[in-house]
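These are my notes on the model you sent. Please read them with the sequence and coordinates open.

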Amino acid sequence: MGYIPVMAISPRGFTAHFDESGTPDGANPVLTVAGCVCSVKKWTRFETEWNRVLLDAGLPAGTVFHMNRFARNLAPYEAFEGQTRRKAALVSALVHCMKRNVNKAFSCTVALRDWERLNERYCIAESLGLPYAFCGRTCVAQLLKWAKNKGIRQQDVKFFFEDGATHRGQLQKILQANDGIG
């Protein structure tokens, strides 16, 4: 899991990228893991088009789009403050880029307060992992079901989860132990 250059994957392979929204520390009411899968060819095109959309919107080269910063007009999005049409146009262009280049999207959300109550009563973290690992594995399960229905072998999909995610190590261990992914 970590970063592997996409070009190292077979051109007939698929690449799946996931990121989380929210944190398990109680600062957010929910934790979501979401991502998408596409062919290597589409991913290469996606990266080029995505970066072009950001540049065309006036953002610096190399900008990594973060919706939470964009929504609050924080750096590097200060120039968008008060410009609802410009913001909507950027989001629309990014959505169009995703629609054009992504085969399928997946997500899983956990209401953290409910998770804690369930865990106190049933000790679910012992079998399912913490919320991030649970959400990540649920996304992988959704993706593997989609792949099977499309005749895509598990070994033809490379999985990427953001390096800085809290409890990413637990997800890696669970995926390796239960799904042979790692």
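1. Basis. This is a predicted model, in which local features need pLDDT of at least 70, side-chain atom pairs count only at pLDDT 80 or more, and totals for chains, interfaces and linings use all residues. Residues are numbered from 1 along each chain as its sequence is written, and side-chain values use heavy atoms, with hydrogens and water left out.

2. Content. The protein has seven helices and four strands. Read from the N terminus, the order is β-β-α-α-α-β-α-α-α-β-α.

3. Overall form. The radius of gyration is 18 Å, close to the 16 Å that the globule rule gives for 182 residues, so the protein is as compact as a globular protein of that length. The radius is taken over C-alpha atoms, and the rule is 2.2 Å times the number of residues to the power 0.38. Along the principal axes, the C-alpha atoms fill a box of roughly 50 × 40 × 25 Å.

4. Of the 182 residues, 37% count as buried; buried means under 20% relative accessible area, exposed over 50%, and partly exposed in between, with a 1.4 Å probe and protein chains only. The protein exposes about 10800 Å², of which carbon and sulfur atoms supply 53%. These areas come from the Shrake-Rupley method with a 1.4 Å probe, and for residues only the protein chains shown count as cover. Among contacts (heavy atoms within 4.5 Å) between residues at least 6 apart in sequence, 67% join residues at least 24 apart.

5. The sheet. Four strands form an open sheet of mixed pairing, in the order S3-S2-S1-S4; two strands pair if DSSP finds at least two bridges between them. Strand S3 (104-111) and strand S4 (157-161) are the edge strands, each pairing on one side only. From one strand to the next the twist averages 15°. Axes here are lines fitted to C-alpha atoms, for helices over the stretch in contact, and angles run from 0 to 180 degrees between N-to-C directions.

6. Pairing within the sheet. Eight bridges join strand S1 (residues 14-21) to strand S2 (residues 30-39) in the antiparallel sense, and His17 stands opposite Cys36 in S2. Helix H4 (residues 112-122) packs on the sheet and touches S2 and S3, its direction making about 65° with that of S3. S1 and S4 run parallel and are joined by five bridges, with Val157 in S4 as the bridge partner of Phe14. Four of the five residues of S4 are buried, so S4 is largely enclosed by the rest of the structure.

7. Backbone geometry to check. Most residues other than glycine have a negative phi, and most peptide bonds are trans. A cis peptide bond joins Ala75 and Pro76, with omega about 5°; Pro76 sits in the loop between helix H2 (67-71) and helix H3 (84-101).

8. Positive phi. Cys123, in the loop between H4 and helix H5 (124-128), has a phi near 55° and is partly exposed at 38% relative accessibility. His167, in the loop between S4 and helix H7 (168-179), has a positive phi of about 70° although it is not a glycine. His167 is partly exposed, with a relative accessible area of 30%.

Terms used
Helices (H or I, at least four residues) and strands (E, at least two) are DSSP runs, numbered from the N terminus.
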